[in-house]
Amino acid sequence: MISVGVIAGEGFEMPDAADAGGLAAFEGLLRSHYEAAFRLALSFLGSRAEAEDAVQEASLDAWRRLSQLRDAAAERGWFLAIVANRCRATRRRRWWSVLPLLASPSPALGAAAASTDDSLDVRRALGRLSDEQRLVVVLRFYLDLPHAEIAAITGSSEEAVRARLHRALRRLERTLGTSGELGESEVMP
Amino acid sequence: MNGRDHELRRLLHRAFDGEQPRPGVVDDIVQKARTSALPRPTSRRLRAAPLAGALVIPLAAAGVAVAIGLTHHRGTGGNVANPPHVSPTPSLVNPSPLPAPAHYIPWNPLPPGSDAGATPTPLPVPPGTPPCRANQLEGAQVGFFGATGNDDLPIVLRNRSASACMLMGYADLRIYDASGRLLAQAVGTTHRGTFFDSSSTGAPVLLQPGTPALQSSDGTHGLGFPGQATLNVQWVDCSQPQAHSAALDLPSAGGRLVVPFDRAATGGGACGPTPEPAPTLGRGPFNPIAPPEVVYSLVAEIAAPGQVRAGTAVTYYVTLVNNGPNAYGFDPCPAFDEGLAGVKPVKPGPTLLELNCAPARAALTGGVLAAGASLTFEMRIDIPRTLHGPQRLSWNLLGTADLPTADASIKVLPAA
């Protein structure tokens, strides 16, 4: 039988009693993974404000799609994939919407980090990567996720993740002037 | 992990660990989820989720050959594509593909970022609007934007006077260090245009009074309002001299505007033994800031065959209906993900693709999906050979705010 599937239409549904468990699960998911999501968005977008917005929007996306999460053990990857998608969408806005990207760190960053050249350099170097390269670098070397989980988040194979990491690291090395010094053992075992 | 791995991790943590999540942010989001009547996917209905896209940009329909017939329904006078036709129940043994609707945008698996979109629509400049004078304006250098190895150090201008004025074409640009030494210049008809400019000819840009002041503690407040102007600045010098200010000599003898420009030239690091490109300074024409993003209310309807065969590529159709009052121009072109949610994940993550926006815009009157109109896109998904039984096909449009999402139940039959 042909199904003319779900049709979004007039009105919407308040979460009912049956959703109480869903709300608790959603809250648990956020409490467990919000910081990782924030760090992913911050390093991807380069702006605290943009990162907070992206994660909030992604969180609400996740709330809407919570019923699609079938494997609780995979919830971190599932949530971070939604966050990554939000970050991609944010980056694809007009440049004047992403001007804070790679701007100088905000005062909130703290004098110690803001004043260091390498902090600025790594932000700029990340900004020169493609979105997909930046994503795998952040997931691997900042959030310390295993290759399999990165593959799940990015919707690609582990081999593709390793290849993307390799290219990203070579480009980072050129930008940072650290030839052969970054992450070689991770991607070229 | 070896020392080299550790070095990158150290750099990343040093760059970003200073930022902490705002206290209470999780509580705030949960509260939004609890109180704002957010939709939960159900078996039949979803909320009409508004989509905040970007500008509504009329594009010329000519030049893109896409067969699409537009009719009117929903009583709002919008242009609509004919909805997908629903076929009879297919055979269990040999499931039938879904009949194609009469009109649709064909499948084209584009990666995100494929669509260049359109240029922002500038505010109309009323006849007689005078050229801007330097003493009417305030300027700020607004960060760093990089793409494909090019670096932009854009400048934003606002009108701080009480009356509107206009800018058109190019300013002469000179960059100085803190001692007033000239570091670089782009004047006259030379060094016009940058990597970031889509056009080398500048249209008139209206600068309206009343936009917020540009300066703030974080250096970004007040930017990006309609009525402001921007110009791209591309300054390459491998010695990376540190600038202090930029002087803009405005066209039409508008005088000199000095803008703080606390930036170093870009150059890919210090000058090395290999020949470096000659120092250059380029500037773009004045460009308008885009109007604010419009909130759209798009709804997704999905039509999929009820039964599919494992190991095949299944075609289905997604119709986007514009339920809001604002015409939607598919610009920027939204991405979508599609997936199958069965007893276990069949893909390790979402598949992110971009809508086939260019033919969509070309097919629509004025390049936009009018209020009340709908447009059908052909979709395709590979069904893994190992999958069987009841599954749910989900489709989600990704954009900048609330997003339409839809799903359909399908039954996967064993591979032939």
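Which residue lies over the face of Phe44(A)? In this predicted model, Arg134(A) does so, at 4.9 Å from the ring centre. A charge counts as over a ring if NZ of Lys or CZ of Arg is within 6 Å of the ring centre and within 35 degrees of the ring normal.

The model is predicted, so local features need pLDDT of at least 70, side-chain atom pairs count only at pLDDT 80 or more, and totals for chains, interfaces and linings use all residues. Residues are numbered from 1 along each chain as its sequence is written, chains are lettered from A and ligands numbered from 1 in the order in which they are written, and side-chain values use heavy atoms, without hydrogens and water.

Helices (H or I, at least four residues) and strands (E, at least two) are DSSP runs, numbered from the N terminus. Buried means under 20% relative accessible area, exposed over 50%, and partly exposed in between (1.4 Å probe, protein chains only).

| Element | Residues | Buried |
|---|---|---|
| α7(A) | 147-154 | six of eight residues |
| β24(B) | 374-382 | seven of nine residues |

Among the buried residues of α7(A) are His147(A) and Ile150(A). Strand β24(B) is joined to β21(B) by nine bridges, and the two run antiparallel; strands pair if DSSP finds at least two bridges between them.

Rings of Phe, Tyr and Trp (its six-membered ring) pair if their centres lie within 6.5 Å; planes under 30 degrees apart are stacked, over 60 edge-to-face, and the rest tilted. The rings of Phe336(B) and Trp395(B) are stacked because their centres are 5.5 Å apart and their planes at 25 degrees. Both residues, Phe336(B) and Trp395(B), are buried.
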